Amino acid sequence: MRNQITKFGHSTAQFVFGSIALALVTLTSLYLHTPFAATAFAYLVVILLFSLMGSFIASAALSIVSVSALAYFFTPPTFNLRIDDPQGLPVVVAFLIVSIVGTQLIGKVRQEREAALEAAARHRRSEANLRDREKQWREIFEHNPVMYFMVDAAGTVLNVNTFGATQLGYVPAELVGQSVLKVFLEEDCAFVRKCVGVCVEAVGQSHTWDVQKVRKDGSVLWVRENAKAMQWADDKLIVLIACEDITERRRAENALQRSESHLAQAQELSRTGSFGWNVATGEIIWSKETFRIFEYDPATKPTPRLIVERTHPEDQAAVKETIDRVCRDQKDFEHEYRLLMPDGSVKYLHALAQATRTASGDIELVGAVMDVTAVKQAEQQLRRSEAYLAEAQHLSHTGSCSWDVRRRDFVYRSAEIYRLFGFDPEEAVSVEAIQSRIPADDLQRLGEAVRQAIQEKRGFEFDFRILLPDGAIRRIHSVAHAVIGSDGDVSELIGTHMDVTEQHAAKEKLEKALAALRESEQRFRDYAETASDWLWETGPDHRVTLLSEHTRTAGILASGLTGLLRWEIARDTDSEPEKWRQHRAMLDAHLPFRDLVYRTVNRMGSPVYVRTSGRPFFDASGKFLGYRGVSTDITATIRADQAERELRKAQAELAHVTRVTTLGELTTSIAHEINQPLAAIINNAGACLGWINRETPDLSAACSSVEWIIEDATRASEVIHHIRALAKKGEIEMVRLDINDVVKEVIALVTRELVSHKVSLRTELAPALPTILGDRVQLQQVIINLVMNGIEAMQTVKDRPRELVVRSSQDDMGRVCLAVTDHGVGIPEGDTDRVFDPFFTTKSSGLGMGLSICRSIVEAHGGRLSMVRKQEPGATLQFVLPLHKEVVS
């Protein structure tokens with residue numbers, strides 16, 4: 001309304017001043033007699049000028065006034081508004097149109113100009129306001145005690161306030177243009193990228209997270225970041241992040257968590273739980289340890305009923321009474337009770353609480369419940385221990401006592417002290433009565449030991465005797481400890497008296513035993529020093545550290561072997577590497593070894609054979625210290641074995657020669673044994689040809705002839721095989737044998753000799769004899785030798801039959817026995833013990849080695865060859881052989 005009045009007043013003033021201006025132009029034109037056109041132009045100028053300053057209405061009114069003035073003063077008839085001139089009317093109308101249109105146009109231009117000026121003014125005001133607001137926000141941004149970061153979607157810092165940069169030890173210029181990840185821990189970078197990505201995906205939404213930032217100096221602070229993504233200039237996304245320093249809060253939270261953890265651990269270690277009980281509301285709060293003590297699930301809501309249910313039946317009434325009293329009086333309480341757990345175990349609890357008033361005015365009981373089961377058990381154990389101690393003192397005859405130095409009297413005496421001195425523990429016994437049981441000289445020395453201990457403020461040990469009323473003597477070992485009082489002097493002597501009578505007697509026996517042991521040790525040392533063996537010792541590295549001097553008997557210097565390894569002493573490591581590999585493996589495993597034989601040389605360079613055995617020894621902690629053992633010079637034994645092997649080799653050679661010689665003697669028999677099957681083969685072959693050459697061949701008969709040929713060829717082959725075996729010079733081959741089979745093989749070879757010497761053979765072979773283990777060829781040689789000797793022994797016999805008997809049997813010990821009996825001239829009485837000696841013979845052409853070789857062969861088989869005495873003429877030689885082990889088992 002006020003603006004309308006102002007505009008109306010302004011238009012009125014414009015019209016008034018315009019009218020005055022028009023009047024002045026009119027008067028001037030009238031005075032100067034200005035033409036109509038010039039006056040109209042002057043009016044138009046005035047109207048247009050005032051239209052620039054005023055409103056359109058005022059300018060229109062002035063146009064009308066100007067038209068009236070032109071019509072009245074300057075068109076004929078003058079001083080009359082009527083226009084008679086036909087040319088004047090169009091001019092006036094044109095003037096009116098031009099003035100109104102010009103006024104309208106100038107008004108619009110003026111309005112537009114005023115609008116532009118007003119818009120410019122408003123723009124200037126807006127810019128000023130914007131600068132003021134920007135200054136205010138920058139002041140807020142720079143000096144607000146919050147860290148502000150402006151980053152783009154890639155995480156590059158676009159801006160950071162001074163406070164934020166300073167908090168991190170930077171100036172803003174050091175951070176702008178850098179990745180925002182520069183101020184985060186490496187392990188948090190992925191988390192920060194994810195958070196920025198979430199903000200960019202949800203533009204306009206706020207997001208909050210806690211993270212650690214790293215200062216320029218490397219220190220770390222916790223911040224809570226609140227971030228929002230928004231559109232910036234050119235539709236560019238930026239993320240504005242406000243960071244609040246929560247380091248102290250975090251520290252406080254961590255400290256609180258540690259405190260709670262420590263409290264929980266302390267409660268767990270001390271087995272003490274805490275609780276709060278609002279009597280008015282009935283709400284009960286338990287700590288974790290309280291739930292553990294009651295063995296309830298922490299999710300369970302604690303109530304007085306649960307407490308009573310878990311209470312031992314014998315204590316439930318007392319617990320209910322305590323709960324009722326607390327609900328009624330709401331005062332402090334303290335009591336002990338037991339819990340009966342689901343597994344049947346019993347816990348002892350001590351509960352106490354203090355009443356406090358809450359802010360709401362309610363009474364709340366805050367307290368603790370302690371699991372004192374261990375204490376109760378310790379008390380019971382202590383009482384048992386006291387009983388056990390008393391019993392142990394009684395069993396071990398050890399008493400304890402305490403002596404008051406100032407009062408010179410006992411403060412405490414155990415029951416066993418009375419018994420040691422021969423008194424009844426139930427009786428009152430004075431110091432004098434006790435001292436009267438100690439011999440005078442022992443009592444004097446005991447008093448001196450006590451005075452010295454008090455003076456030097458130390459304990460002591462003392463042995464003395466007790467004379468009992470029955471005359472028996474007890475020996476006591478006393479140990480005392482000095483107790484220092486507050487004044488720095490000894491105030492009390494606490495000690496024990498132990499009956500060592502039996503130990504004293506045992507000590508005397510031990511001393512006698514030690515004397516006997518020393519005598520035995522000396523005796524053993526004498527034996528060791530006179531023995532041919534020597535003792536040795538090696539260290540953890542298996543090098544020799546000790547050798548007894550007995551090595552000199554083998555020609556070895558002990559000093560020259562110290563520090564050497566056994567395989568450095570030996571000379572057969574290259575020839576027997578496997579033996580030494582196994583030996584070193586046993587040493588590395590710290591195992592005992594026995595009868596290791598190796599070859600070395602003496603100081604003259606001659607070979608020496610040593611047999612050694614050893615055991616590892618360790619210290620008390622089980623640490624390996626080396627080996628100890630004994631060695632023996634077995635050179636003589638080794639050489640004897642070598643000689644025996646040479647002898648056996650010579651005997652084997654001689655046996656082979658004997659077999660070959662025997663085969664020479666059996667040439668006729670061998671030829672007969674071979675010719676017989678060969679002649680049969682020829683006859684059967686001729687018969688076979690005859691059967692085949694018939695007009696109608698008799699194939700069945702021919703086949704029979706061929707079969708007989710094969711049988712005879714096989715028999716001849718077996719004879720040749722046996723002869724080759726006897727003639728062959730080979731190794732002994734021990735196999736399971738049936739002695740009857742061996743006899744039959746020999747008979748096949750000697751049959752011709754029996755026939756040519758007119759000797760009849762009778763065999764008495766026991767059936768189903770157990771097998772023996774032997775060499776077939778050697779046993780054949782023995783039997784052939786015995787048979788040939790029997791044949792030769794009957795060459796001169798004319799008055800009786802020449803009969804040879806071969807008999808097999810099993811003796812009383814289960815051994816296999818083979819006997820060869822002849823009816824020859826026999827052996828003279830004086831020669832019976834010499835027939836088995838080498839080179840002894842009763843034959844003119846014999847060497848005297850046959851029976852000697854036979855005895856060696858039989859003994860090598862574990863048997864025995866002997867002569868059996870008999871009444872009738874002739875002789876019987878027999879040998880027995882042990883059974884094969886598998887047969888025996």
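Predicted model: local features only at pLDDT ≥ 70, side-chain atom pairs only at ≥ 80, totals over all residues.
Local features need pLDDT of at least 70, side-chain atom pairs count only at pLDDT 80 or more, and totals for chains, interfaces and linings use all residues. Residues are numbered from 1 along each chain as its sequence is written, and side-chain values use heavy atoms, without hydrogens and water.

Trainee: Which strands stand at the edges of the open sheet of 5 strands?
Mentor: Strands are DSSP runs of E with at least two residues, helices runs of H or I with at least four, both numbered from the N terminus. Two strands pair if DSSP finds at least two bridges between them. The order is β2-β1-β5-β4-β3, with antiparallel pairing. One side of each edge strand has no neighbour in the sheet because each has a single partner strand; these are β2 (157-160) and β3 (206-214).

Trainee: Which residue in β2 stands opposite Phe149?
Mentor: Strand β1 (residues 147-152) pairs with β2 in the antiparallel sense over 3 bridges. Opposite Phe149 stands Val160.

Trainee: Within what arc do the buried residues of α11 fall?
Mentor: Buried means under 20% relative accessible area, exposed over 50%, and partly exposed in between, with a 1.4 Å probe and protein chains only. In α11, the buried residues are Val319, Thr322, Ile323 and Val326. The arc is taken from the directions from the helix axis to the C-beta atoms. The buried residues line one face of the helix, because seen down the axis of α11 they fall within an arc of 95°.

Trainee: Which exposed residues does the face of α11 turned away from its buried side carry?
Mentor: The buried residues pack against β6 (272-278), α10 (304-310), β8 (333-340) and β10 (363-371), where contact means heavy atoms within 4.5 Å. The face turned away from them carries Ala317, Glu321 and Arg328.
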